[in-house]
Amino acid sequence: MRIFGEAHYSFLENRRRAYLFSGALILVGLVGMVVNTLTLGSWQNYGVDFEGGSFIQVRFDIPMTAGDLRSTLAGAGPLEITRFGEENEFVIRAPLSGDTNVGSVSDGIKARLDAAYGAENVDVVRTELVGPKIGGELQQKAGFAILFSFLITLVYLAIRFELRFGVAAVIATAHDILITLGFMALLRMEIALPSVAAILTVVGYSLNDTIIVFDRIRENLGKKGGRKEEPMTLLNRSINETLPRTILTSGTTLAVLVSLLLLGGPVIRDFTLVLILGIVFGTYSSIFVASPALLEIQKRFGTGEAKERKKRRAASVPA
């Protein structure tokens with residue numbers, strides 16, 4: 001049995017409500033970014049990967065978990081603790097402070113671990129200091145990665161479909177990223193390299209969902225009489241025809257991510273939450289942003305066919 005197999009929803013007729021809803025979400029996110037700029041000094045809560053700090057790799061000769069380490073180092077500041085390499089090996093990331101001497105930061109953490117577990121059971125394998133300049137370069141490269149994905153998408157869809165499809169897909173994807181970043185700012189989620197990976201994954205998911213709808217639109221346009229059909233009717237029918245796949249794909253993906261959010265622990269919590277936000281808004285935008293954007297582009301600029309017919313007529317007129 002196909003879920004929503006006989007769907008006949010009027011999505012395009014409600015596009016103005018969707019515009020207001022999306023506008024409100026973006027505005028709330030922008031407010032969160034402004035508040036962060038005034039209170040934190042930056043529009044997002046950047047982690048050690050982007051702000052710089054100390055990287056300390058430690059190995060234990062006794063069974064150890066990341067949760068135990070967090071409890072032991074609870075008063076040592078906002079630390080990021082992740083498993084690395086061997087089963088009892090971890091990386092501790094400490095943000096930059098007034099004292100940028102990596103040795104003193106490492107010694108302080110080592111002293112706390114020695115007191116808790118015994119010096120003979122704790123070994124500091126490696127210590128490094130990453131300055132804010134490298135963090136700034138990472139921020140730029142992350143931004144360039146997203147912009148590059150937009151450019152490649154625009155070129156691909158312009159070749160595979162038509163230019164208007166590419167522009168609409170980029171608008172929808174930019175919408176998803178902006179809303180996701182807004183929620184990250186509101187929740188003051190820490191921006192680290194896994195967060196960037198999650199955002200790029202959201203870009204891919206959003207584009208995939210949008211292309212599925214656009215592919216059905218192109219198929220319906222290619223059918224007999226498709227080009228003469230009312231654009232809003234054709235777009236609505238295409239969205240409804242792909243709705244079962246959209247809902248099932250998003251639903252199964254979200255089921256896995258919600259399980260990870262609840263059971264995966266604090267290490268992947270932010271990463272999972274970013275993916276959940278991105279998939280929810282990516283699914284929403286493929287229906288209520290991408291297709292309405294395509295309709296608006298067609299209304300204002302046409303499909304390009306009239307211009308081509310005019311050129312052919314002009315070429316056929318004898319001089």
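Is R15 buried or exposed? R15 is buried, with a relative accessible area of 4%; here buried means under 20%, exposed over 50% and partly exposed in between, using a 1.4 Å probe and protein chains only. Before we go on, note that this is a predicted model, in which local features need pLDDT of at least 70 and side-chain atom pairs count only at pLDDT 80 or more, while totals for chains, interfaces and linings use all residues. Residues are numbered from 1 along each chain as its sequence is written, and side-chain values use heavy atoms, with hydrogens and water left out.

Let's stay with R15 for a moment. Its side chain meets that of E296 in a salt bridge, at 3.2 Å from N to O; the term stands for a side-chain nitrogen of Lys or Arg within 4 Å of a carboxyl oxygen of Asp or Glu. This pair links distant parts of the chain, 281 residues apart, with R15 in helix α1 (residues 15–39) and E296 in helix α10 (residues 290–301). Helices (H or I, at least four residues) and strands (E, at least two) are DSSP runs, numbered from the N terminus. E296 also counts as buried, at 18% relative accessibility.

Now for the open spaces. On a 1 Å grid over the protein atoms alone, a pocket is an open set of points where a 1.4 Å probe fits, with protein on both sides within 12 Å along at least five of seven lines, and lining residues have an atom within 4 Å of a point. The largest pocket holds about 550 Å³ of space, a volume being the space filled by probe spheres set on the points. Its lining has 21 residues, and E80, E190, P266, V267 and D270 lie nearest the centre. At least two lining residues come from each of β3 (80–83), α7 and α9 (269–288).

The second largest pocket has a volume of about 220 Å³. Among the residues lining this pocket are W43, Y46, F50 and Q139. Helix α5 gives the largest share of the lining, four residues.
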